[in-house]
Amino acid sequence: MTIRRRLTLSHFAILLLLACNLGIYFWSDLKRQSTVEELRRAISRQSLISSIQQRLNDYQKQVTLLSQIMADPGSNGASPEEIAQFNEHLNQIDGQITQMNRLSDAEGQEKLRAFATAFRDLSASWRIFYESFGRDQSRAITEVVTRAEPLSRKVMQELLPQLQQDEKNLVEAASTHFYDVARVTDRVTILIFAISGLLAGSLTFVVGRHFRHGLGALKTGADAIGAGELRYRIRLLAKDEFGDLARTFNNMAEHLDSARIELIGANAELERRHQELRMLMEAAQSANRAKSVFLANMSHELRTPMNAIIGYSEMLAEQAEDLGHQELIPDLRKINTACKHLLVLISDILDVSKIEAGKMELALETFDIWEMVSDVSQTMQPQIDKNFNELIVDVPFRTGTMHADPTKVRQILFNLLSNACKFTTSGTVRVQVRCISIDSRDWVEFRVQDSGIGMTSEQLEKVFEAFTQADPSTTRKYGGTGLGLTITRSFCQMMGGDIQVESEPGKGTTFTVLLPVQVVKAGKEPALAIP
């Protein structure tokens, strides 16, 4: 049997027990209402009998008293209003008797009819007496003596006491019946509730035991499989969802065991290849270090010939100008420009090699920030004018001094301003410097902002990578090795600072350099890994 079917049957069983309890409740309520109504009618009849008795006693005393006194000779008896009031009271008693008749059963109605007949005769005799009193005194006395007194004795001494006793007995019987019914209904309700509780408890125990057994077996199996015992199998033979889940767990464990065996073999193969790759990586790193050390050691040998070529080209250009060979001067200047460009490229490559080889050192000294920025700005002015840009320098005159490597700080600014000039045409380049305090430490913030072509988010992710520019087309259009920003970031990190970039295509780029006011040597920096 499936879990869904078990739960459905349990639900219907609980609904059936609930319906039984509701049925017993309504049955008990009907029984109680019936006995309460019976008791209420008996009490109402008893109250009516007491009221009738009280009124009859009052009228009997009134008639007896009037019959024993003589009316005045000139008296006309009771007034019409008094007669009407007297008759009205008798009619009310008659109405009470009729109301008792409606509240009585068949046996009680028989006795009430006899009482009602006697009362109506007595009432007629009293009416005649009251109407004749004072007017026809002999008739009034005769009516009282011959009819009213015998009827009064019959009604007051025979019929009425019997009715009172009967109603008293009925009230006691109704009260006893009410308590008996209440006791029986309470017992039946408690019994049905107890039986329902036992059945519901048994049902809950059976279903709960099935769930505990199934979940316990599944948990034990899951714990075993989770602990790595992939050969463990759950022994659950129930043909329900628990059994299906157990079979699924067993199949999963079997597949995992097979996969583990395959994974062990794959790991062994991967470890072998990893060893091979590590050996190859060590060889490549050794070759890269050798290359970096070679280039770092060859710095003088590479720069000296280029400086000689630049110097001789300048001397030849001066001699050609003195001798009047104007046709040679453009070619000599092209040689000079190409050599200077090549010297810059060689210098960048050599700087990266020095950083990789760990031979780049800091030459710390104290210098004025405003003077240094002004000197860099004047030096970069030709490049600013080349693309018709405007340079805005925002440096407070009293910025102060900083203790750092001035050469590397200048090169940082040269690289950033060079990039800004190269990628901006007929725009603005702004240099802003300010001193800030972060975590109780003083810093100098250099910000270079341009209104050039900008970069996308994908280009920003690789802008500091060595030998990489934001876009391959950038190299073809603007030139460069892509090492300037790599060197700039390395210099910032060597001095304990950092560099950040913000850019948006078509809206320009902002580089922010943060350097300590007091740079402290921290030993050799680790070599920069060039991909």
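## Close-up views of a predicted model

The count comes to 13 salt bridges in this predicted model. Let's begin with the chain overall, and then look at some of these pairs and a few other details one by one.

**Figure 1. The protein chain has 12 helices and 7 strands.** Start here to get your bearings. Of the 531 residues in the protein chain, 35% count as buried. The accessible surface of the chain comes to about 31900 Å², and carbon and sulfur atoms account for 57% of that area. How many of the contacts between residues at least 6 apart in sequence join residues at least 24 apart? The share is 76%.

**Figure 2. A salt bridge joins Arg410 and Asp375.** Side chains of opposite charge can pair when their charged atoms come close. In this view, the side chains of Arg410 and Asp375 meet at 3.6 Å, N to O. Arg410 lies in helix α9 and Asp375 in helix α8 (residues 369-386), so this pair ties together parts that are 35 residues apart in sequence. Arg410 is partly exposed, with a relative accessible area of 27%. Asp375 also counts as partly exposed, because its relative accessibility is 36%.

**Figure 3. Glu269, Arg272, Arg273 and Glu276 form one network, joined by salt bridges that share partners.** Arg273 and Glu269 meet through their side chains at 3.1 Å, N to O. Both of these residues lie in helix α5, 4 residues apart, which is about one turn of the helix. Glu269 is partly exposed, at 30% relative accessible area.

The other pair is Glu276 and Arg272, whose side chains form a salt bridge at 2.8 Å, N to O. Why are Glu276 and Arg272 separated by about one helical turn? Because they are 4 residues apart in helix α5. Glu276 has 40% relative accessibility and counts as partly exposed, and Arg272 is partly exposed with a relative accessible area of 41%.

**Figure 4. Asp257 sits in helix α5 (residues 241-297).** Is Asp257 buried or exposed? Asp257 counts as buried, because its relative accessibility is 7%, and buried means under 20%. Leaving aside residues up to four places away in sequence, Asp257 touches Leu230 and Arg231.

**Figure 5. Helix α9 (residues 406-422) crosses helix α12 (residues 484-494).** Two packed helices are described by the angle between their axes and the distance between the axes. Here the axes come within 9 Å and cross at roughly 145°, and the crossing of α9 and α12 is left-handed. On the α9 side, the contact is made by Lys408, Gln411, Ile412, Asn415, Leu416 and Asn419. On the α12 side, the residues are Gly484, Leu485, Ile487, Thr488, Phe491, Cys492 and Met494.

**Figure 6. A nonpolar surface patch includes Leu15.** Which residues make this patch of about 630 Å²? They are Phe12, Leu15, Leu18, Leu22, Tyr25 and Phe26. Leu15 is found in helix α1 (residues 3-67). Leu15 counts as partly exposed, because its relative accessibility is 39%.

**Figure 7. Glu172 and Leu39 have C-alpha atoms separated by 8.7 Å.** Glu172 is found in helix α4 (residues 137-226). Glu172 is partly exposed, with 45% relative accessible area.

**Figure 8. Ser426 and Asp439 have a positive phi.** Most residues other than glycine have a negative phi. Ser426 is not a glycine, yet its phi is about 55°. Where is Ser426? Ser426 is in the loop between α9 and β4 (428-438). Ser426 counts as exposed, because its relative accessibility is 54% and the cut-off for exposed is over 50%.

Asp439 is not a glycine either, and it too has a positive phi of about 55°. Asp439 lies in the loop between β4 and β5 (441-450). With a relative accessible area of 74%, Asp439 is exposed.

How values were computed. Residues numbered from 1 in each chain as written. Predicted model: local features only at pLDDT ≥ 70, side-chain atom pairs only at ≥ 80, totals over all residues. Heavy atoms only, no water. Patch = residues over 30% accessible without salt bridge, like charges linked within 9 Å, V, L, I, M, F, W, Y side chains within 5 Å. Areas by Shrake-Rupley, 256 points an atom, 1.4 Å probe, with all protein chains shown as cover. Salt bridge = Lys/Arg side-chain N within 4 Å of Asp/Glu carboxyl O. Helix = DSSP H or I, 4+ residues; strand = E, 2+ residues; numbered from the N terminus. Buried < 20%, exposed > 50% of the residue type's maximum accessible area, 1.4 Å probe, protein only. Axes fitted to C-alpha atoms, helices over the stretch in contact; angles between N-to-C directions. Left-handed = near helix turned anticlockwise from the far one by under 90°. Contact = heavy atoms within 4.5 Å.
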